[in-house]
Amino acid sequence: SDAHLYAIRWFGLEALGNFVKHKGLQTGLDDEATRYYKEALGYAGQDAYLQSLVSYELAWYYSRSGRNGLALPYLKKDLEYQERMQKTFAIILRYDGLANAYNDMGEEALRDHWGKKALALASNYFVLGPPSSPSEPDEWLQYEKLLTHRMDDIARLGNAEEIVKLWRIIEPIVQKFLKWQHPDSLDVAQYLAMAGDSEGAAKLYEQAKSQWEKEYNSLLPIHKAKVDIVCIGATINLEARRFSQAATQYDECFTLWSSFKRDAGPSLRRLAGLAYEGAGDLERAAMAFETSIAGMERVRSSYSVAERVSFFRSGAARQSYWGLIRTMAKRAVTSAKEEDFLAALSATERIRSRQLGELVDPQAEAAMSRESLRALRSRLTPDTLVLDYILMDETIVLLAFDKDRHAVTVIPYNGKDFSRQLRTLAEALANVRKPAGAIQTQLAAVSKVLLAPAAPLARRWDLGTH
């Protein structure tokens, strides 16, 4: 029957989603998933409920393979049906799915919009008893995941107090409905560390390790939980700026991941890059950032070119590119070799004007070749010095060159304070009643941050300091 044939395709699509979650994306799976989806739609006929189910399953497949951009249209399609049918639990899951998709996209306002809608609806739907409503444990497990997703967003904002509030909601759910409690304790310890609460993170991490020893007992030593303990321990050390310890733990973390024949993913590679960089191992840092960027680009490519405009607003995406630029720049400072300078310059071109470039030519390569640099230098006049800035959260990288010389400077600064200075200056420039003297003072403050590092280069090359 059509119903039986539909069910086979739906289960096949679900199996593919579970496969990519545990084994990663492999060649040919997308074609198979698309075929299951189209055939299931054919067998569903005009049944809107069956159409909705298979759309959500395909979205789930794309999401589990780390490509939420491809999941987005199917999530929207499915949400329309669920809202029409007023299926509260399903709507909560779809809101959460949209929040995660927009998070990967870099659309933080839309992420927060859908995340808040999910939390608001869930807070009325879930009542922890006795009696508890709903009674289905799986629904409570999904609620716990939703809360954890929002905790991840909050950690990036540095709001440890809000994380503790969410943990007070999650902990009794875990105690009542889940057999193993340590995974959630580990996650929250990591989020507290990311939010700056090192003491709270360390306390909860030790609690999670004790729970793991009790809950897993004599099970296989290389279990996923051991991976999480090592990897999250590394992240806690990284956030506490214990870089050498974190680097050693990330090495162990990746060894454990390889035992599952799985890659650790772009986020862990980015964090490892920061640890290696902090420990002074620039070569390994660059490799880790490159691996992270490759994963990030897979996520980015799942969105249409027009949808990618906000991708680099994502802190995680920026940090991988910035990390690569910093490590290349630091290497160029040490070696003073032209090839290292070119590598640092090329790294900056991989993010600058990327969106505009792809809108003009989606196939264009974002790189600076030795030939293009020579062509640019040949057009410079003898009294011209090119200053190439990358402003990060805590560092300015300045690459400078003229017709035949180059220099690299890496300068620490406070990015948040400087952003506030720029906003204040922009408001002053837009105000015709603002006294010119006050604006000049503000311009001087901004110039000091940007041009002071260039002054020694200009003096060294007898180009003046004006």
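This is a predicted model: local features need pLDDT of at least 70, side-chain atom pairs count only at pLDDT 80 or more; totals for chains, interfaces and linings use all residues.
Q: What span should the 17 residues of helix 3 have, and how far apart are its end C-alpha atoms?
A: The expected span of a helix is 1.5 Å times one less than its number of residues. For the 17 residues of helix 3, this rule gives 24 Å. The end C-alpha atoms agree with that expectation, because their separation is also 24 Å.

Q: Which side chain reaches the backbone nitrogen of Y49 at the start of helix 3?
A: The contact is made by a side-chain oxygen, which comes to within 3.0 Å of the backbone nitrogen of Y49. A polar contact requires a pair of N or O atoms within 3.5 Å. The residue that supplies the oxygen is D47.

Q: Where is D47 found, and is D47 buried, partly exposed or exposed?
A: D47 is found in the loop between helix 2 and helix 3.

Q: Which residue just after helix 3 takes a positive phi?
A: The phi angle in question is about 75°. The residue that takes this value just after helix 3 is G66.

Q: Is S65 buried or exposed?
A: S65 is found in the loop between helix 3 and helix 4. Its relative accessibility is 7%, and the limit for a buried residue is under 20%. S65 therefore counts as buried.

Q: How far apart in space are S65 and V20, C-alpha to C-alpha?
A: Leaving aside residues up to four places away in sequence, S65 touches V20, L25 and R298. S65 and V20 are 45 residues apart in sequence. In space, their C-alpha atoms are separated by 5.6 Å.

Q: What is the phi of Q86, and is Q86 buried or exposed?
A: Q86 has its place in the loop between helix 4 and helix 5. The phi of Q86 is near 60°, a positive value in a residue other than glycine. Since its relative accessibility is 66% and exposed means over 50%, Q86 counts as exposed.

Q: In which loop does A336 lie, and what is its phi?
A: A336 counts as exposed, at 55% relative accessibility. A336 lies in the loop between helix 15 (315-335) and helix 16 (338-349). Although A336 is not a glycine, its phi is positive, at about 60°.

Q: With which side chain does the side chain of N237 make a polar contact?
A: N237 is found in helix 11 (residues 224-239) and is buried, with a relative accessible area of 10%. Apart from residues up to four places away in sequence, N237 touches R242, Q245, A246 and Q249. The polar contact, at 2.6 Å, is with the side chain of R242.

Q: With which side chain does the side chain of D388 make a polar contact?
A: D388 has its place in strand 1 (residues 386-391) and counts as buried, at 8% relative accessibility. Residues up to four places away in sequence excluded, D388 touches L345, T348, R352, V397, L398 and L399. The polar contact, at 3.4 Å, is with the side chain of T348.

Q: How many helices and strands has the protein chain, and what percentage of its residues count as buried?
A: The protein chain has 21 helices and three strands. Its C-alpha trace spans about 80 × 55 × 50 Å along the principal axes. Of its 466 residues, the share that count as buried is 46%.

Q: How far apart do the centres of the positive and negative side chains lie?
A: The protein chain has 60 positive and 60 negative side chains. The centres of these two sets are separated by 2 Å.

Terms used: Residues are numbered from 1 along each chain as its sequence is written. Side-chain values use heavy atoms; hydrogens and water are left out. Helices (H or I, at least four residues) and strands (E, at least two) are DSSP runs, numbered from the N terminus. A polar contact is a pair of N or O atoms within 3.5 Å; within protein, one must be able to donate a hydrogen and the other to accept it, and residues adjacent in sequence count only if both atoms are side-chain atoms. Buried means under 20% relative accessible area, exposed over 50%, partly exposed in between (1.4 Å probe, protein chains only). Contact means heavy atoms within 4.5 Å. Lys and Arg count as positive and Asp and Glu as negative; His and the chain ends are not counted. The place of a charge is taken as NZ of Lys, CZ of Arg, CG of Asp or CD of Glu.
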